[in-house]
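Work through the exercises below with the model open. Each task is followed by its solution.

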Amino acid sequence: MKEKEIQDELTSIRSLMERSSKFISLSGLAGVLAGIYALIGAGIVFYLMHWGIDYSNVPFLHLVNILPAIIITALAVLILSIATGVYLSYKKAGRRGQSIWGSASKQVLFNMSVPLVTGGFLMLICLHRGYFGIIAPVSLIFYGLALIGASNFTFSDVKYLGLCQILTGLITAMLPGYGLVFWALGFGVLHIIYGSVMYLKYDR
Amino acid sequence: MKIPFENLNKAFENRLRLQIMSVLMANQRYDFNSLKELLGVTDGNLASHLKGLEKEEYIMVNKSFLGRKPNTNYEATEKGKTAFKNHLDALEQLINQQKIK
């Protein structure tokens, strides 16, 4: 065996170990778009909350009245973000001749779904019991935990996004009344920053 | 100078076997279809080399059903992991020796 051959062998081993255990079709652009959807969604909710409100009136009742509209907006943002993410990952995987559905992507999904489903149920319970103020921090914190859980099976940069989301969530929990602002910061601004970094680092 | 070719494992002479082992080193278990897709090889080729590794007791096979579809998972044994590490060490030694020459 020649030295060159051995080097090739070692390089191929290293790349296989990396590719087999990590989901690397995640697109940076999807992160940026998810952030933009979140900012638009936050804008809509802000508009719903403050449009034509006389603050001497009962604001709590108003919040209950617009709650369905807020939930629909949030769900629309969520579904659009997931759809964009799946579509762009699919395209990126196709360009590299890889499949999006492999052992690593299953791991990513499983590790994300446990905290996400738990957080989702907790949010429903909070809604049901009228703890509206805690929804924003709960969604940020559990989303951050989901990202950290998934980060072992994809780009390790995802871990830092997760930590930032958790931090934002905890700060939000300390500052009642600013939920929407921090929610926009976490899901909007952080996603845009993260997506841009990923795009510059891996996609070009 | 004596080159330690004898330290290279015969079972890993085939490139595909070495690749299969690398995947199983990085992942606790891996299923047949994902392996096939990742390595871009045919069913028969992959199956025969998996059999070979199984015969050496380097990998373990777990057969199960996902609904109605059979799902075959592979896992590296301790023996396999040690053999793989030794093989890599031998490769490294070869490189180092050739650099000295």
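**Exercise 1.** Which side chain does the side chain of B:Asn27 join in a polar contact?

*Solution.* This is a predicted model: local features need pLDDT of at least 70, side-chain atom pairs count only at pLDDT 80 or more, and totals for chains, interfaces and linings use all residues. Residues are numbered from 1 along each chain as its sequence is written, chains are lettered from A and ligands numbered from 1 in the order in which they are written, and side-chain values use heavy atoms, with hydrogens and water left out.

Step 1. Find B:Asn27 in the loop between α1 (15-26) and β1 (30-31) of chain B. Helices (H or I, at least four residues) and strands (E, at least two) are DSSP runs, numbered from the N terminus.

Step 2. The partner is A:Ser20, at 2.9 Å. A polar contact is a pair of N or O atoms within 3.5 Å; within protein, one must be able to donate a hydrogen and the other to accept it, and residues adjacent in sequence count only if both atoms are side-chain atoms.

Step 3. The B:Asn27 side chain also reaches the backbone oxygen of B:Val23, at 3.0 Å.

**Exercise 2.** Why does B:Asn27 count as buried?

*Solution.* Its relative accessibility is 12%. Buried means under 20% relative accessible area (1.4 Å probe, protein chains only).

**Exercise 3.** In which order do the three strands of the open sheet in chain B stand?

*Solution.* Step 1. The order is β1-β3-β2, with antiparallel pairing. Strands pair if DSSP finds at least two bridges between them.

Step 2. β1 and β2 of chain B are at the edges with a single partner strand each, so one side of each lacks a neighbour in the sheet.

Step 3. Two bridges join β1(B) to β3(B). B:Tyr30 has B:Tyr74 as its bridge partner in β3(B).

Terms used: Buried < 20%, exposed > 50% of the residue type's maximum accessible area, 1.4 Å probe, protein only.
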